[in-house]
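Hello,

Here is the structure I promised to pass on to you. Have a look at it first, then read my notes below.

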Amino acid sequence: MTDYFPPAPPEMDTAIPVAPTIPHNRNAEEAVIGSVMINPDAYYEVAEVLKPGDFYIHRLRWCYEAFQKLHERRMPIDLLTVTQELEARQLLSEAGGPAYLTALLAQVPTSLNAVAYAQIVRGHAARRKMIEAANAIAKAAYDTGQDASISLAEAELAWSRTRNEADHTSLLGARQMMSAAWDRYEAIVALGRPPGIITNLLDLDRILHGCKYGRYYMIAGRPGDGKSALLLTLARNFCKHEKKSVLYFSIEMQESTDDGDMISGGELSERLLAMESGIDSTAISDGRLKEDEALKFTRAIEKISDWRFTVDDDPGVTPDQMMARALRVKNEIGLDVIMVDYLQITESGARFGTRAEEVSYLSKRLKRMAKELNVALIVAAQVNRSFAARGDKRLILSDLKESGSLEQDSHVVMFIQPTENTTMKEIEVAKHRGGKVGKCELYYDAPCTEFRNGTRRDEEAVYWWQKNGNGHNGNGKH
């Protein structure tokens, strides 16, 4: 009988998979450092592409930082000066010593290709940023204790920052700066009016020159002095005349029915309809419109329905939720302006020792949101009662309620100054970073809760962008 031996099982691949290495190119990084030490003029071109963090190998990053320090002190960049700079920073031995730096010179194929080597280094740095973003997105996805909309917002922001960093050039030469300045000037001339989003309140535009993207504007005043009305007037003007998209966080304006249920956007919509139709807001809220007013009311509804105006009236909204909802609006219909009414009743979603610390945190988060989303942020804020003890009772920057950081964080602070006049309001731009301060008077139509231009003008008083026929004056002349 012949012995039977079953066929041997197929051999299993027992090799352990090798983890992928972190993206980097040692040869390119060494070639950049060696090229600059051979040809110091190459630093100016390389500096437009790279920053120290783009180097994966620490000792080569230290060498590039040494280049920057030498350049700042107007010292030549060569083997000797770089060696001395590293030694002064107590990094020479960790960087490999003079022998390693000398070896870098011999390994450079040609210093003429320094920019090409730098672009290879920058490409790998971008890939590492992608990995960091992916890890951040994965972390947000696994955090099931967090609202999904906030996790999505964090994911979008992580990717957006990666794209911005990959596209960013660290340094600009004088020629590039002047070319960009000329392009901006030509764009403004072609626009035929000041840059930014025009408020259509002429005397205010004369001071602000419109609201700029990425900036943080604050409207402060006493309770009942018209902060919400001014905020809503600006929102109406941006949507109607400038065709911009506005997201309005209406934290203060909440109405409830007799049984306690909230009416979404109730008072806000009534004020908008009053502005657009010219009808007394109380007649709208009481449901007692005359026949001719009913026609104006219907037309106002049709017009407002076409605006890109989005309202969020969640009284407990946090900065993270604001960011998530703003990102959603931006992706769906575009976004130019975010408005918050008002700051001191916004929830932070975190615990703090004092209310001033919480307000400071809120302010910084909102400022960051304006920058990251590249929108104009306009926030209403309350003032302290201390102004009443002063003789003139005028509001000043130190009157901003609950936190001195409000003044520091904001680009522009506007006060609605206290006055006994119920129809004319003084608006004072008390802080304007990079611009001028000043005062103007606006007409306040209380029945329609609307601000309008405050003075009657002849042709010479109309500003240049209106003379050219390119501007708007949506609020009329008084």
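Of the 478 residues in the protein chain, 44% are buried, where buried means under 20% relative accessible area with a 1.4 Å probe, protein chains only. Please keep in mind that this is a predicted model, in which local features need pLDDT of at least 70 and side-chain atom pairs count only at pLDDT 80 or more, while totals for chains, interfaces and linings use all residues. Residues are numbered from 1 along each chain as its sequence is written, and side-chain values use heavy atoms, with hydrogens and water left out.

The protein chain has 17 helices and 11 strands. These are DSSP runs numbered from the N terminus, with at least four residues (H or I) for a helix and at least two (E) for a strand.

Let's start with the sheet. It is open and mixed, with 9 strands in the order β5-β2-β6-β7-β1-β8-β9-β10-β11; strands pair if DSSP finds at least two bridges between them. At the edges are β5 (309-312) and β11 (450-453), each of which pairs on one side only. Further in, β6 (residues 337-341) and β7 (residues 376-382) are parallel partners over 4 bridges, and Met339 has Ile378 in β7 as its bridge partner.

Helix α15 (residues 355-373) packs on this sheet and touches β1, β6 and β7; contact means heavy atoms within 4.5 Å. The direction of α15 makes about 165° with that of β7, using lines fitted to C-alpha atoms (for helices over the stretch in contact) and angles from 0 to 180 degrees between N-to-C directions.

Which residues touch the most other members of the largest nonpolar core? They are Leu230, Phe238, Phe309, Met339, Ile378 and Ile427, out of 46 residues. Such a core is a set of buried Ala, Val, Leu, Ile, Met, Phe, Trp, Tyr and Cys residues joined through side-chain atoms within 4.5 Å. Helix α10 gives the largest share of this core, 8 residues. Another core, of 37 residues, lies apart from it and includes Leu343 and Leu362.

Among the buried residues of α6 are Tyr117, Val121 and Ala125.

Enjoy exploring!

Note on methods: Buried means under 20% relative accessible area, exposed over 50%, partly exposed in between (1.4 Å probe, protein chains only).
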